[in-house]
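Good morning. Please have the sequence and the model in view, and I will go through a few places in turn.

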Amino acid sequence: ESLNERAEKWANIVESKILEQTLKRDQLTLQYGKDHARTHPQHWIQWKQDATRDEKAINDAVLVDDPEVSQCCYYGCENPDAEKLLTCCGCKIVKYCCKEHQELDWKWEHSSECRLPKFIQEEHAADRARNLSGDYRERDEL
């Protein structure tokens with residue numbers, strides 16, 4: 001499966017859920033009026049809860065723990081092979097030896113990677129594994 005095919009697959013899942021949520025919102029607007037969020041907040045709250053649940057379901061379906069990550073992913077870690085590693089609760093791939101390194105890596109790099117589609121996460125995981133083994137070539141140089 002090519003990168004474009006995987007990206008299209010991810011986009012279709014997300015687009016489908018967005019359309020579904022938009023349809024639900026539009027139905028509420030037709031039924032209760034333009035100001036339904038103010039006049040009938042219970043429906044708006046339920047709509048938001050459903051959207052959050054759907055997002056979590058998508059993330060749970062495509063974001064899985066990567067057992068190959070066995071070192072702290074913060075670039076400045078002096079003890080990357082710590083026995084107990086904390087897993088990022090967003091992507092469930094990146095691991096850290098301590099909360100401080102998680103926060104530092106979030107600012108430095110991980111905020112742009114977290115909760116990405118699975119195929120992109122797999123590429124990032126492969127890059128990290130390659131870098132941890134001492135191979136710093138870019139993907140196109142392999």
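Start with His 110. Is His 110 buried or exposed? His 110 counts as buried, because its relative accessibility is 2% and the cut-off for buried is under 20%. Keep in mind that this is a predicted model, so every value I give is computed from predicted atoms.

Where does His 110 lie? The answer is the loop between helix H4, residues 99-108, and helix H5. Leaving out residues up to four places away in sequence, His 110 touches Cys 88, Cys 91, Val 94, Tyr 96, Asp 105 and Arg 128.

Some of those names come back in the next item. The largest nonpolar core has 13 residues. Which residues have the most contacts inside it? They are Cys 72, Tyr 74, Cys 88, Cys 91, Val 94 and Tyr 96. As background, nonpolar side chains in soluble globular proteins tend to be buried together.

Take Tyr 96 from that list. Apart from its neighbours within four places in sequence, Tyr 96 is in contact with Cys 72, Cys 73, Tyr 74, Lys 84, Leu 85, Leu 86, His 101, Gln 102, Asp 105 and His 110. That brings us back to His 110, which has Tyr 96 among the residues it touches.

His 124 counts as partly exposed because its relative accessibility is 24%.

Now to the largest pocket. Its volume is about 380 Å³. Of the 16 residues that line this pocket, Cys 73, Tyr 75, Arg 128, Asn 131 and Leu 132 are the closest to its centre. Which element gives the largest share of the lining? Helix H5, residues 118-132, does, with 5 residues. Sorted by class, the lining has 9 nonpolar, 3 polar and 4 charged residues.

Leu 132 is in helix H5, and 57 residues along the chain separate it from Tyr 75, yet their C-alpha atoms are 9.6 Å apart. Leu 132 is partly exposed, because its relative accessible area is 42%.

Next, the aromatic rings. How many aromatic pairs does a search of the whole structure find? It finds 2. One of them is formed by Trp 44 and Trp 47, and this pair is stacked, at 4.8 Å centre to centre with 20° between the planes. Both sit in helix H3, residues 41-62, and because they are 3 residues apart, about one helical turn separates them. Trp 44 counts as partly exposed because its relative accessibility is 30%, whereas Trp 47, at 14%, counts as buried.

Last, the whole chain. The protein chain has 5 helices and 2 strands. From the N terminus on, the order is α-α-α-β-β-α-α. The chain has 142 residues, of which 30% count as buried. Among contacts between residues at least 6 apart in sequence, 47% join residues at least 24 apart. His 110 is on the buried side of that count, at 2% relative accessibility.

How values were computed:
Residues numbered from 1 in each chain as written. Predicted model: local features only at pLDDT ≥ 70, side-chain atom pairs only at ≥ 80, totals over all residues. Heavy atoms only, no water. Core = buried A, V, L, I, M, F, W, Y, C linked by side-chain atoms within 4.5 Å. Buried < 20%, exposed > 50% of the residue type's maximum accessible area, 1.4 Å probe, protein only. Contact = heavy atoms within 4.5 Å. 1 Å grid on protein atoms, 1.4 Å probe; cavity = no way out; pocket = protein on both sides within 12 Å on 5 of 7 lines; lining within 4 Å. Points joined across faces, edges and corners; volume = space filled by probe spheres on them. Helix = DSSP H or I, 4+ residues; strand = E, 2+ residues; numbered from the N terminus. Nonpolar A, V, L, I, M, F, W, Y, C, P; charged D, E, K, R; others polar. Phe/Tyr/Trp six-rings, centres within 6.5 Å; stacked < 30°, edge-to-face > 60°.
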